[in-house]
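Please find below my notes on this model, arranged as numbered points.

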Amino acid sequence: MEPGSVENLSIVYRSRDFLVVNKHWDVRIDSKAWRETLTLQKQLRFCHQLDFSTSGALCVALNKAAAGSAYRCFKERRVTKAYLALLRGHIQESRVTISHAIGRNSTEGRAHTMCIEGSQGCENPKPSLTDLVVLEHGLYAGDPVSKVLLKPLTGRTHQLRVHCSALGHPVVGDLTYGEVSGREDRPFRMMLHAFYLRIPTDTECVEVCTPDPFLPSLDACWSPHTLLQSLDQLVQALRATPDPDPEDRGPRPGSPSALLPGPGRPPPPPTKPPETEAQRGPCLQWLSEWTLEPDS
């Protein structure tokens, strides 16, 4: 790939305060490695993170005031995110809520990975909640695969990948949390894509829906055969639901999470404690140190 610039980035939203780019699956956001010459950090300053091999919507603030307003939305859990993924196997339920607590893996050789509560070496697990809606069943390179929409209701590191793996349906192409039986040699990428993003800041609502990359016309290995849920209908539901009040930490009514069956649904994770000065300090320092243009 050519080194990026604002001119050749795939921009899906642009205003005076924000950009949202459709991140390529093979570009890191940042890196400390000398060999990584192409990273988004060299071009932009971003409001949140995506894993290296995850593609899709990534929001960039263009000034300190915008960065602060976006930070508050993330802090107050008012941001709506939804991802598309191809998962191994045919998931029989149409909708699933995954509620495994996630912690850091202290096992030797796995220090940079996460794990679910109860597994060996899992330290400091925190409540984590993901809603999953099955869109299609099909085959990828001849193996059974489900295309799904994933909506994280918490924001743990590697949450979607860990939750899908714990469900027994890892993301196709995920070499960290996927299967190690040699079935991951066909995908050219990890099949996880940040599809929908809404950040309701005080001055504007940043809302984008990126193109679906998991289509047979784009990847001949993917062959869907059974449609279970219309993606367009889910997008309409996401767009039609009101933004939550800053004090409301639960899922919004009408969102895919609220459409899940009531009985057996686990309660939402407990409200986060107030931010401490020690936690707030690094963010305020970050906001004060960068801007892409002088503040007036």
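1. Trp25 has a relative accessible area of 23% and is therefore partly exposed, where buried means under 20%, exposed over 50% and partly exposed in between, computed with a 1.4 Å probe on protein chains only. Phe188, at 45% relative accessibility, also counts as partly exposed.

2. A word on the basis of these values: this is a predicted model, in which local features need pLDDT of at least 70 and side-chain atom pairs count only at pLDDT 80 or more, while totals for chains, interfaces and linings use all residues. Residues are numbered from 1 along each chain as its sequence is written, and side-chain values use heavy atoms, with hydrogens and water left out.

3. The structure holds one aromatic pair, a term for rings of Phe, Tyr and Trp (its six-membered ring) whose centres lie within 6.5 Å, with planes under 30 degrees apart counted as stacked, over 60 as edge-to-face and the rest as tilted. The rings of Trp25 and Phe188 have centres 5.6 Å apart and planes at 70°, so the pair is edge-to-face. The two residues are 163 residues apart, with Trp25 in the loop between strands S2 (18-23) and S3 (55-61) and Phe188 in the loop between helix H2 (159-166) and strand S11 (192-200); helices (H or I, at least four residues) and strands (E, at least two) are DSSP runs numbered from the N terminus.

4. There are 10 salt bridges, each being a side-chain nitrogen of Lys or Arg within 4 Å of a carboxyl oxygen of Asp or Glu. Among them, Arg198 pairs with Glu207 at 3.2 Å between the closest N and O atoms; Arg198 is buried at 3% relative accessibility, whereas Glu207 is partly exposed at 28%. Salt bridges with shared partners also join Asp51, Arg161 and Asp174 into one network.

5. Another salt bridge joins Asp17 and Arg16, with the closest N and O atoms 3.7 Å apart. Here Asp17 is buried, with a relative accessible area of 12%, and Arg16 is exposed, with 71%.

6. Lys147 and Glu136 meet through their side chains in a salt bridge of 3.8 Å, N to O. Lys147 lies in strand S10 (residues 143-152) and Glu136 in strand S9 (residues 130-140), so the pair ties together parts 11 residues apart in sequence. Both Lys147 and Glu136 are buried.

7. In helix H1 (residues 64-75), the buried residues include Ala66, Gly68 and Cys73. Just after H1, Arg77 takes a positive phi of about 55°.
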